[in-house]
Structures are given as C-alpha cells and as structure tokens.
Amino acid sequence: MDIGVLFWLELATRLAQLIASAGVVFVSFSVFRWTKRRDAADFFRSNWADQQNTNLMHLGNPVARSVHEKMVYGYPIDDEEREVLFFVLFTKINRVLQFYNAMKSGLISKEEYVSQTKGTMKLLGNQEYWVRYLVAERGYSNEFRNEMLGRLQSTGSSKHWDDYSIQELEEKLQNFRKDRTKHQ
C-alpha cells in the first residue's frame with residue numbers, strides 16, 4: 001500500500017476515535033447533569049412534602065399549633081383563627097415555593113411557574129399583610145421573598161401594602177405586638 005493512503009487511514013482512524021471519545025464524554029456529562037437535577041428535584045419534593053405534612057398536622061391539632069407557635073415566638077398566639085390562618089398561608093406559600101424551585105432548577109419554564117401559581121397568588125393577595133410578614137420572618141431566601149412580594153403586587157388583591165393608611169399599619173403592628181408582649 002501507498003504510504004500516503006496509510007497516513008490518511010491512520011488519521012481517519014484517530015479522528016474517529018477522538019469523535020467517539022468526545023461523544024462518550026458528552027453523554028456522560030449529560031447523564032451527570034440530568035441525575036443531579038433529578039436528585040435536586042427529589043430533594044425539594046421530599047422536603048416540601050414533609051413540610052406540608054407538618055403544616056397539615058398542625059392545622060388539625062390545636063395543641064401541636066400551640067407548641068409550634070411557642071417554638072417560633074416563645075409564646076402561643078392567643079388568636080386561634082390567626083394561628084390557623086398562618087398555617088394555611090404556609091401551605092400556600094410553600095406550594096408557590098415548590099414551583100419556584102422547579103423553575104429555578106430548570107424543570108419548568110417561567111411561564112409554567114406563573115401559570116401554575118396564579119390562583120394561589122390571588123388567594124395569598126387577599127392576605128397580603130400577613131404573607132408579607134410571614135415570608136420576611138420564616139427563613140425564606142431573599143430571592144424567593146422578593147419574587148413573592150413582586151408577584152403579590154401584581155395579583156390584583158383587594159388591598160395592596162401601599163394602600164394601607166399609616167394608621168391602619170400602626171394599628172395592625174400594635175395589635176400584633178400586644179399579642180407578643182402578653183407572653184414575654
């Protein structure tokens with residue numbers, strides 16, 4: 001055989017090996033990324049399910065709600081309706097958080113996230129004052145908190161934060177502080 005032909009055959013063989021190796025690396029990396037995203041999604045789903053089960057348990061058990069509020073605030077909230085409201089709001093906020101995490105992980109698009117949480121955000125908008133308080137006080141990330149607050153303003157809720165008079169805000173804050181100081 002001609003030395004030139006052997007050269008080109010050898011070059012073609014090496015190029016094919018290089019392309020095959022690059023393909024294996026690409027497939028391996030893709031599987032790694034997919035596995036990592038799946039594991040993150042499983043973690044978020046499991047964590048969310050545990051938190052929602054805890055919230056639902058508290059909703060059905062006044063003693064558990066009282067114990068939880070003592071852990072959070074150092075005293076129980078005297079207003080059982082507000083206690084229940086807080087846990088219902090947490091189940092709704094956590095639902096939005098689950099979709100938010102799915103969006104941030106690339107599992108769903110921004111449009112799907114907004115679409116799937118629109119109804120929940122409208123419900124939360126009706127309790128905007130307490131939602132603002134809860135997302136600020138309960139360890140949600142700054143990024144999620146900002147997302148929630150921005151979406152609350154666009155829900156068309158019955159009354160936006162800025163629509164409260166200074167007197168109404170001070171009155172709500174004073175009532176809340178009274179509840180807190182009773183038990184300190």
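Predicted model: local features only at pLDDT ≥ 70, side-chain atom pairs only at ≥ 80, totals over all residues.
A salt bridge is taken here as a side-chain nitrogen of Lys or Arg within 4 Å of a carboxyl oxygen of Asp or Glu. Six salt bridges are present in the structure.

Arg132 and Glu128 are both part of helix H5, where four residues, about one turn of the helix, separate them. In an α-helix there are 3.6 residues a turn, so residues three or four places apart point the same way. Both Arg132 and Glu128 are buried. Helix H5 spans residues 128-137 and is largely enclosed by the rest of the structure, because eight of its ten residues are buried. The buried set consists of Glu128, Tyr129, Trp130, Val131, Arg132, Tyr133, Leu134 and Val135. After H5 comes Gly139, which has a positive phi, near 85°.

A further salt bridge joins the side chains of Glu83 and Arg65 (3.0 Å, N to O). This pair links distant parts of the chain, as Glu83 belongs to helix H3 (residues 80-104) and Arg65 to helix H2 (residues 62-73), with the two 18 residues apart. Glu83 and Arg65 are each buried.

The side chains of Arg38 and Asp39 also meet in a salt bridge, at 3.0 Å from N to O. Arg38 has a relative accessible area of 35% and is therefore partly exposed, given that this class lies between the limits of 20% and 50%. Asp39, with a relative accessible area of 39%, is likewise partly exposed.

Definitions and conventions: Residues numbered from 1 in each chain as written. Heavy atoms only, no water. Buried < 20%, exposed > 50% of the residue type's maximum accessible area, 1.4 Å probe, protein only.
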